[in-house]
Amino acid sequence: MTALKIEAEAAEVGMDAARLGRIDTHFRRYVDEAKLAGWSVAIARRGKVVHVSHHGLRDIDAALPVTDDTIWRIYSMTKPITSVAALMLWEEGALELTDPISRYIPAFADMRVYRSGSALNPGTEAATEPIRVWHLLTHTAGLTYGFHHAHPVDEMYRGKGYEFGAPRGQDLAAACEGYASIPLLFQPGTEWNYSVATDVLGRVVEVASGQSLDAFFAQRILGPLGMTDTSFHVSEPDDLSRLAGLYVPKPGGGLVRSSAMGDAITREPTLLSGGGGLASTLHDYHRFTQMLARGGELDGVRILGPRTLAYATRNHLPGNADLEAFGRPIFAESAFQGVGFGLGFSVVVDPAAGKAFGSLGEYAWGGLASTAFYVDPVEEITGVFMTQLMPSSTYPIRSQLRVLVNQAVVE
């Protein structure tokens with residue numbers, strides 16, 4: 001276990017120490033008011049850690065505090081790691097962004113698209129365009145999530161056991177066959193919808209690389225970056241003692257533990273979810289953000305080329321549209337106004353439109369349990385926030401974090 005250490009005084013990197021302290025003052029209130037059990041945050045500027053803090057409990061029942069080495073379920077913050085894996089394979093010529101995914105998963109050939117009707121009796125039409133790798137990276141494939149509860153296709157997912165995962169015993173290959181048996185929400189490339197696309201992308205990574213997703217991650221990303229506490233399950237006694245509890249708000253105030261979902265990470269998974277399967281630590285995910293912020297390289301280890309990363313973190317939605325214009329009004333780990341989508345990341349295209357205190361080109365994502373990260377390439381800032389509260393839409397933690405960090409920048 002490696003703890004994050006402060007690497008620069010605030011003034012050395014153009015920040016005000018007293019103003020940075022407002023981060024802790026503000027988020028301590030969340031713990032004091034029983035809105036969060038506990039949290040960790042790390043802020044870096046110009047490649048140096050300038051603020052690290054922890055507050056509250058990782059386990060309320062056992063009265064165990066949040067520590068440097070607390071393990072958190074990062075859910076959808078797995079997605080950028082899977083996206084980086086696909087981009088690595090693209091760099092090597094193992095796949096093309098324009099490849100139909102049926103080249104890797106034949107079940108996705110000849111897809112049907114929902115047109116009208118109920119979940120039990122849908123009217124469909126033929127897809128006019130195959131799902132391509134870039135559609136998976138941008139969530140424009142026409143796939144969905146069963147938990148959205150917004151459309152008959154979502155209901156079809158739930159009917160086949162795909163709400164927050166897959167039916168017991170299904171591996172990733174089988175789940176992809178299941179997704180392919182359900183009509184698409186829309187013609188590929190015509191809309192944005194948060195979905196299982198990154199899970200399907202994980203399967204493309206497996207087929208294109210000839211490795212299981214966990215093996216590819218360990219060998220090509222996690223190991224080289226020193227992310228030794230990041231994995232698809234937490235089972236060693238020492239690791240289990242560091243695992244934070246997972247909580248949901250209790251009606252009337254306070255928190256209640258969600259054991260059913262929380263305990264899933266303690267079992268070796270049958271399905272390796274590139275969309276939401278990893279647990280990690282503040283230290284490890286900070287390492288990942290530093291690799292991104294430095295153009296794909298960290299401590300002499302290059303994961304991606306800088307131009308690949310610059311290309312991936314620009315808006316890939318047609319016409320430079322934002323999610324408000326191009327997306328469906330459903331839950332996602334991002335604001336919609338003024339935010340587009342790149343190859344695996346949300347991308348700010350107009351900070352004023354969304355009233356988000358950030359920079360043009362800032363890229364980010366978050367997880368179901370209110371974890372979040374962002375990289376601001378203009379101000380050279382990275383932020384990682386870890387906690388365990390579902391759903392992530394409960395409080396405006398992410399937008400507040402950006403304000404609290406940016407108001408501390410003085411040069």
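**Entry 1: sheet and helices**

I started with helix α1 (residues 17-32), which lies across β1 (38-45), β2 (48-59) and β16 (381-386) and runs at about 10° to β2. Helix α10 (residues 282-293) also packs on the sheet. It touches β1, β2, β14, β15 and β16, and its direction makes about 155° with that of β16.

I noted the ground rules next. This is a predicted model, where local features need pLDDT of at least 70, side-chain atom pairs count only at pLDDT 80 or more, and totals for chains, interfaces and linings use all residues. Residues are numbered from 1 along each chain as its sequence is written, and side-chain values use heavy atoms, with hydrogens and water left out.

My terms: helices (H or I, at least four residues) and strands (E, at least two) are DSSP runs, numbered from the N terminus. Contact means heavy atoms within 4.5 Å. Axes are lines fitted to C-alpha atoms, for helices over the stretch in contact, and angles run from 0 to 180 degrees between N-to-C directions.

I then read off the strand order. The sheet is open, has 8 strands and runs β3-β2-β1-β16-β15-β14-β13-β12, with antiparallel pairing. Its edge strands are β3 (64-65) and β12 (339-341), each pairing on one side only. Two strands pair if DSSP finds at least two bridges between them.

**Entry 2: a hairpin**

I looked at β5 (residues 112-117) and β6 (residues 122-126). They run antiparallel and are joined by 5 bridges. The two form a hairpin with 4 residues between them. V113 faces E125 of β6 across the pairing.

**Entry 3: α2 against α7**

I checked how helix α2 (residues 79-91) meets helix α7 (residues 213-222). They pack at about 75°, with axes 11 Å apart. So α2 is roughly perpendicular to α7; that class covers 65 to 115 degrees, with under 35 roughly parallel, over 145 roughly antiparallel and the rest oblique. From α2 come I81, T82, V84, A85, M88 and L89, and from α7 come F216, F217, R220 and I221. I count this contact by class as 8 nonpolar, 1 polar and 1 charged. The classes are Ala, Val, Leu, Ile, Met, Phe, Trp, Tyr, Cys and Pro as nonpolar, Asp, Glu, Lys and Arg as charged, and the others, Gly among them, as polar.

**Entry 4: pockets and a cavity**

A cavity is a set of points where a 1.4 Å probe fits but cannot get out; a pocket is an open set with protein on both sides within 12 Å along at least five of seven lines; lining residues have an atom within 4 Å of a point. Points are joined across faces, edges and corners, and a volume is the space filled by probe spheres set on them.

The largest pocket holds about 1,100 Å³. It has 39 lining residues, with F164, G165, A166, A264 and S273 nearest its centre. The lining splits into 21 nonpolar, 10 polar and 8 charged.

The second largest pocket has about 560 Å³. Of its 29 lining residues, S334, A335, R398, S399 and R402 are closest to the centre. α13 gives the most to this lining, with 5 residues.

I found 1 cavity of 30 Å³ or more. Its lining includes A335, V339 and V348.
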